[in-house]
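Thanks for coming. I will take one structure today and go through what was computed from its atoms.

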Amino acid sequence: MPLHRPSRSARWSGLAVLAACSLSAPALAARDWTFDEATTLPAGWSTTTDGAGNAWHVVADAAHSAPHAVHIAEAEVPGEASLYSPLLALAADETELSFRHRWNLEVAPYDGGVLEIAVDGGGFVDILDAGGRFVSGGYDATLAPCCGGNPIGGRAAWSGGERAGFIATRVALPPGPAGRTVQLRWRFGTDSSTAAPAPNGWWIDTVRLGPAGSTQPTVDLAPAALGFTVVAPSTAAAPVMLANLGADPLAYTVVVVDAEAACSAAPLPWLTATPAGGALGAGAATNLWFAARGDVLAAGRYRATACVRSNDPARPEARVAIDVTVAAAGSPLFCSGFELGETGRCDDGGTVVRSGPLNWPVPADFAGLAIDLVTGTHGPKTGGVPADVNLYAGDGSGALSVYWYADVVPEAFVAGVVDVNTTGAVDFSLLQPGALVHENPFYSLLSKPLDHWLAGATGYLGFKFWNEQTGQVNYGFLHLQTTAPAGFPATVLDYAYDRSGAAIRIP
């Protein structure tokens, strides 16, 4: 249980006995917590709340070590919630704490989390104020000191936006003699403003206590094997998380070869890695997205190996086994599958507008291809051309960008084709047959370049837009063919939307 500050004599009498019993003990075996054994916190772990109402609990929606992590949701009221470790009597070689975590919080640094420590019965203080030091993955923001009532406002913290991958944080514990008793607290504070789209909050996993790790670049891959299904003729992708557990920068490249081949063999044409290389700072992590092309493969099972080469001196070549099943496209008899509230009719009562085959090329320039989905008008964007979405090259590098006129129509948003940003977050997800485009999917809040297009990806860009004829928001999709590395040449294959305002399912 957490230290709730009983009398000083009571605290010291209990802690003194614990310290005396473990003064010369070796490192204990139970110094690795993955939270995977049950759906409740492990023995000795606990949580408290003050104001915010949310408590830490074990979840299965995201994890570094599957299937579980511990999580606290982001609240829209001032308050805090703390996750407490057991009381820990430190052995001589237990000098470093490490853990993996990710977060999805409002973009401005008003909500966030800190790590605190109580030593030998004292009060909790920030790990840095106690004499600790971040080896990697330290605080990345300063919480706003005013205006929202966050109890830890003004402090250095982990905050701001989204870290979709579980970053690796390593902490050198405050120096001191063996036998000290410590307790750790992950403290999360919120203010009275907004929250990020759900699922939001802070996730903690894979907590370890032990000797200091290497400072050299260190590769960590999870999972070690990957399997997923592709429905022909679409492209599907699945991620493997790459992290740098070392304190020095990790430089890496990725190549995908046949399952039985050496990493020096020719790359496979049907399976690509995004990004294909890069660098990770201390504690940083990114998702490597592996995309299989169902348009060039017959139905069946295919195996490959992803080779991650890096400057990790202990593991210069790491391998991930990949198993892909290509399934033939389903019967077109029923589009919706008779899910709750659906009729199974492919025409959705006659309200779905389908363009038919288009094959419109997207010019690789700033004017791009502006499309009015209702009238079918399309062409270079000019002041006199009405449009709902524009595909163009607009950041100077020639990268494919998407713009959807939210400055004119606030209800307009977009989601869809795979794009992985430099922090590992997926700004646009790859929508496949059967995906439902409606009010709840994640929609990008910014018009921006799509930075890392998958080679040869065929996918769907889902969006919502304002239909001037009906005077309401409609949901639809563009069917795109893109090219690595920047997206061009790009082609709009076709599009569809539901003019009734109902959700639309990709066929």
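First, the ground rules. This is a predicted model, where local features need pLDDT of at least 70, side-chain atom pairs count only at pLDDT 80 or more, and totals for chains, interfaces and linings use all residues. Residues are numbered from 1 along each chain as its sequence is written, and side-chain values use heavy atoms, with hydrogens and water left out.

On confidence: pLDDT is the predictor's confidence in each residue, from 0 to 100. The mean for the protein is 79, and 77% of its residues reach 70 or more. Residues 1-30 stay under 50, and the model gives them 38 contacts beyond four places in sequence. A contact here means heavy atoms within 4.5 Å. Residues 331-347 are also below 50, with 20 contacts beyond near neighbours in sequence.

Now the overall make-up. The protein has one helix and 39 strands. These are DSSP runs numbered from the N terminus, with helices being H or I of at least four residues and strands being E of at least two. Of the 507 residues, 51% count as buried. Buried is under 20% relative accessible area, exposed is over 50%, and partly exposed is in between, with a 1.4 Å probe and protein chains only.

The accessible surface comes to about 20800 Å², and 59% of that belongs to carbon and sulfur atoms. Those areas come from the Shrake-Rupley method with a 1.4 Å probe, and for residues only the protein chains shown count as cover. Among contacts with a separation of 6 or more, 72% are between residues 24 or more positions apart.

Next, the charged pairs. Side chains of opposite charge can pair when their charged atoms come close. The rule used is a side-chain nitrogen of Lys or Arg within 4 Å of a carboxyl oxygen of Asp or Glu. By that rule there are 14 salt bridges. I will show three of them.

One is Arg187 with Glu116, where the closest N and O atoms are 3.1 Å apart. Arg187 is in strand 14 (residues 181-190) and Glu116 in strand 8 (residues 112-119), so this pair ties together parts 71 residues apart in sequence. Both Arg187 and Glu116 are buried.

Another is Arg155 with Asp126, with closest N and O atoms at 2.9 Å. Arg155 sits in the loop between strand 11 (141-142) and strand 12 (156-159), and Asp126 in strand 9 (residues 125-126), so the parts tied together are 29 residues apart in sequence. Are the two partners buried or partly exposed? Arg155 is partly exposed at 22% relative accessibility, while Asp126 is buried at 8%.

Arg163 belongs to strand 13 (residues 162-172) and Asp140 to the loop between strand 10 (133-136) and strand 11, so the pair ties together parts 23 residues apart in sequence. Arg163 is partly exposed at 22%, and Asp140 is partly exposed at 34%. Through shared partners, salt bridges join Glu80, Glu116, Asp126, Arg155, Arg185 and Arg187 into one network.

On to the cysteines. A disulfide is a covalent bond between the sulfur atoms of two cysteines, and the search takes a pair of cysteine sulfur atoms within 2.5 Å. Over the whole structure it finds one. That is Cys263 with Cys307, sulfur atoms 2.0 Å apart. The torsion about the S-S bond is about -85 degrees, so the disulfide is left-handed. The bond links distant parts of the chain, 44 residues apart: Cys263 in the loop between strand 19 (250-258) and strand 20 (271-274), and Cys307 in strand 23 (residues 300-310). Cys263 is buried at 4% relative accessible area, and Cys307 is buried at 0%.

Finally, the two single residues. Asn244 lies in strand 18 (residues 235-244) and is buried, at 0% relative accessibility. A polar atom of the Asn244 side chain is 2.9 Å from the backbone nitrogen of Gly246. Beyond four places in sequence, the contacts of Asn244 include Ala168, Pro217, Leu250 and Gly281.

Val296 is in the loop between strand 22 (285-293) and strand 23, and is partly exposed at 46%. Its C-alpha atom is 8.5 Å from that of Ala232, 64 residues apart along the chain.

Note on methods:
Polar contact = N/O pair within 3.5 Å; in protein donor to acceptor, adjacent residues only side chain to side chain.
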